[in-house]
Amino acid sequence: MASNIKSFEAPQDVANAFASRLIDLLNQAKSSGTTATVCLSGGSTPKLLFKTLAQDHANTDWSPLHFFWGDERCVPADSQESNYGEAARLFLNDANIPASNVHAVDTSLDPVAAAAAYQQQIESVVAKDSAGIPAFDLMVLGMGDDGHTASIFPHQMELLASEKICDVATHPDSGQKRVTVTGQVISASQEICFLVTGANKADVLTQILNDQTGSEQYPTRHFSDLPVATFWLDSAAQA
Ligand code: 6PG
């Protein structure tokens with residue numbers, strides 16, 4: 001059963017608390033003279049996080065951090081659907097961080113080529129674990145109301161076991177193609193933070209956090225018991 005649960009009242013409280021966690025990681029990297037790799041998520045709570053970072057940390061030097069995305073929609077960066085595009089518009093474009101530290105999926109390529117190119121980007125920057133899998137220092141994930149995480153959806157559970165670092169996913173309703181990190185990359189992370197808010201997540205989240213029978217159908221369940229996984233929840237998601 002997942003035990004690492006951080007409870008908050010509202011989504012903004014989740015964003016504020018996680019912003020503090022990110023600043024701690026940044027300060028840790030600064031004080032040790034190292035860099036750290038952060039894999040961001042799309043979704044509504046990360047958007048609150050980006051607004052909070054832009055508002056409260058406008059002059060922060062983010063250069064010790066490298067930002068990646070755990071999944072990306074195969075759309076142009078100027079699309080409102082772009083996870084990178086939203087983070088850039090809300091935070092990164094005005095942040096004190098070198099462009100070379102911001103690693104977006106090249107969605108000008110076809111999905112298969114984009115996934116292969118992103119895999120190379122990740123492998124060229126992210127330190128590998130003893131099994132040779134890129135191990136992000138901090139993996140930020142959301143959870144859909146169908147239990148998906150990153151862009152690993154319940155109808156594509158094979159992405160949990162893919163031998164690739166990045167693979168192509170398909171949204172179950174829209175058919176939209178996406179690039180996603182695979183299960184082994186998520187599991188290799190030094191720290192995994194699920195930012196989950198909203199009443200529409202409560203039913204699936206309860207099943208997952210209580211290891212209920214059948215919860216293995218949800219991709220998020222395959223990471224919830226990892227010692228490095230923490231759930232950052234608002235009250236609505238825990239109802
Ligand atoms: C995406 C996200 C996705 C998201 C969940 C939760 O590209 O859509 O990476 O995995 O985290 O769908 O999204 P919300 O937080 O908006 O519910």
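These legends accompany close-up views of a predicted model. Local features need pLDDT of at least 70, side-chain atom pairs count only at pLDDT 80 or more, and totals for chains, interfaces and linings use all residues. Residues are numbered from 1 along each chain as its sequence is written, and side-chain values use heavy atoms, with hydrogens and water left out.

**View A. Strand β6 (residues 166-170) is largely enclosed by the rest of the structure, because five of its five residues are buried.** Buried means under 20% relative accessible area (1.4 Å probe, protein chains only). Strands are DSSP runs of E, at least two residues; helices are runs of H or I, at least four; both are numbered from the N terminus. Cys166, Val168 and Thr170 are buried on one side of β6, Asp167 and Ala169 on the other.

**View B. β6 runs antiparallel to strand β7 (residues 177-181).** Five bridges join them; strands pair if DSSP finds at least two bridges between them. Valine 181 in β7 is the bridge partner of cysteine 166. Six residues lie between the strands of this hairpin, where glycine 175 has a positive phi near 75 degrees.

**View C. The largest pocket holds about 490 Å³ of space.** A pocket is an open set of points on a 1 Å grid over the protein atoms alone, with protein on both sides within 12 Å along at least five of seven lines; lining residues have an atom within 4 Å of a point. Its volume is the space filled by probe spheres set on the points, which are joined across faces, edges and corners. Of its 31 lining residues, Gly42, Gly43, Ser44, Arg73 and His148 lie nearest the centre. α2 (44-56), β4 (71-73), α3 (83-90) and β8 (192-196) each give two or more residues to the lining. α2 gives the largest share, five residues.

**View D. Helix α6 (residues 202-209) has six of its eight residues buried, so it is largely enclosed by the rest of the structure.** The buried residues are Ala202, Val204, Leu205, Gln207, Ile208 and Leu209. Their cover includes β1 (5-7), β8 and β9 (229-233). Just after α6, aspartate 211 takes a positive phi of about 50 degrees.

**View E. The whole structure has zero disulfides.** A disulfide is a pair of cysteine sulfur atoms within 2.5 Å. For cysteine 39, the nearest cysteine sulfur is that of cysteine 166, 8.4 Å away. Cysteine 39 is buried, at 0% relative accessibility. Cysteine 193 is also buried, with a relative accessible area of 0%. Its sulfur lies 12 Å from the closest cysteine sulfur, in cysteine 39, too far for a bond.

Definitions and conventions: Buried means under 20% relative accessible area, exposed over 50%, partly exposed in between (1.4 Å probe, protein chains only). On a 1 Å grid over the protein atoms alone, a cavity is a set of points where a 1.4 Å probe fits but cannot get out, and a pocket is an open set with protein on both sides within 12 Å along at least five of seven lines; lining residues have an atom within 4 Å of a point. Contact means heavy atoms within 4.5 Å.
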